[in-house]
Amino acid sequence: KMAAYLYLSVRPALLLFPRTGISTVSRRCATTLQSLKENFKGSKQRGQRGKNVKNRGRPPRRFADYKPLEVNQNSDWPSVYQAARPYDPYMIPLAIRMGVPAPGELPPKALGNVELLKLTNFFHLTPPAIEKHCKALKPLCTPWSEDLSEYKMTVVTQNFVFPAPSLRHYGSRIVKVTVRVSDINFRDEYAKKKFILLANEYYSKSSDSLVLSSDKCPTRKQNREYLMYLLKVLYLESHKIDLHEKEELDKVCSVIETDSS
């Protein structure tokens, strides 16, 4: 094949230069073919020589030679798998399979399975590990109050535990503040009435409480500071009462009292 390729490549030269003898062209093709054979043979030997040096004195590695960790019932699993980490088939003593199976076969095994590395696992949160963590955190906890009415202000937030690459949750930034209006020290009755009017629908007359919530800011701390600022502004603005506002407040409060009665 190489000789034919060389002949076809040299044929145009014979057509252009007819005085060149065919013997000269044949000798040149034979020399070129011999040099190509020697180069190909040398490169093949070099490749074999490199392969033999790489695997000299040891068999090739195979996944079947590895065995998962042997764990007994009395072993301390939380000390083995201490924190969240990618799936490790050599540490978890379970025959887990995952992936798209071939027709008539089982899903791929755990060894060398990349699909298992894509998912977060909860092998570190076994019941013994959770019990151990709770015992460590119990001395740091305070008893829950039986009577919540003694607190004048309540701040409600939420924490979420979920498997995701990020620790932040979209709903953890929401803050809700509840304050009883009767516990706020107003200067006079007009300031209290104006405070209730400014609060509008955020004031609940049945529970006599003001409920404010915010999710405008990206973090929980910012939303809490924003609600504290709103509460402070409502309190200060309620004490700014002009002469013409007293008459309007009396009219509005009288209408509210008659409607409620």
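Analyst: The following account treats the ring pairs, then the charges placed over rings, and finally a tyrosine contact with an aspartate. The model is predicted, and 5 aromatic pairs are found in the structure. Y87 and F123 both belong to the loop between helix 3 (77-80) and helix 4 (127-137), yet they are 36 residues apart, and their pair links distant parts of the chain. Y87 counts as buried because its relative accessibility is 7%, whereas F123, at 21%, counts as partly exposed. Y87 and F123 also belong to a cluster in which ring pairs link them with W77 and Y81.

R173 is placed over the face of Y170, 4.1 Å from the ring centre. The charged end of K193 sits over the ring of Y190, at 5.6 Å from its centre.

A further tyrosine, Y203, makes a side-chain polar contact of 2.8 Å with D208. D208 is located in the loop between strand 3 (203-204) and strand 4 (209-214). Although buried, D208 has no salt bridge: K192, the nearest side chain of opposite charge, is 5.1 Å away, and a salt bridge requires a distance within 4 Å. Beyond its neighbours within four places in sequence, D208 is in contact with V179, R180, V181, S182 and Y203.

Methods. Residues are numbered from 1 along each chain as its sequence is written. This is a predicted model: local features need pLDDT of at least 70, side-chain atom pairs count only at pLDDT 80 or more; totals for chains, interfaces and linings use all residues. Side-chain values use heavy atoms; hydrogens and water are left out. Helices (H or I, at least four residues) and strands (E, at least two) are DSSP runs, numbered from the N terminus. Buried means under 20% relative accessible area, exposed over 50%, partly exposed in between (1.4 Å probe, protein chains only). Lys and Arg count as positive and Asp and Glu as negative; His and the chain ends are not counted. A polar contact is a pair of N or O atoms within 3.5 Å; within protein, one must be able to donate a hydrogen and the other to accept it, and residues adjacent in sequence count only if both atoms are side-chain atoms. Contact means heavy atoms within 4.5 Å. Rings of Phe, Tyr and Trp (its six-membered ring) pair if their centres lie within 6.5 Å; planes under 30 degrees apart count as stacked, over 60 as edge-to-face and the rest as tilted. A charge sits over a ring if NZ of Lys or CZ of Arg is within 6 Å of the ring centre and within 35 degrees of the ring normal.
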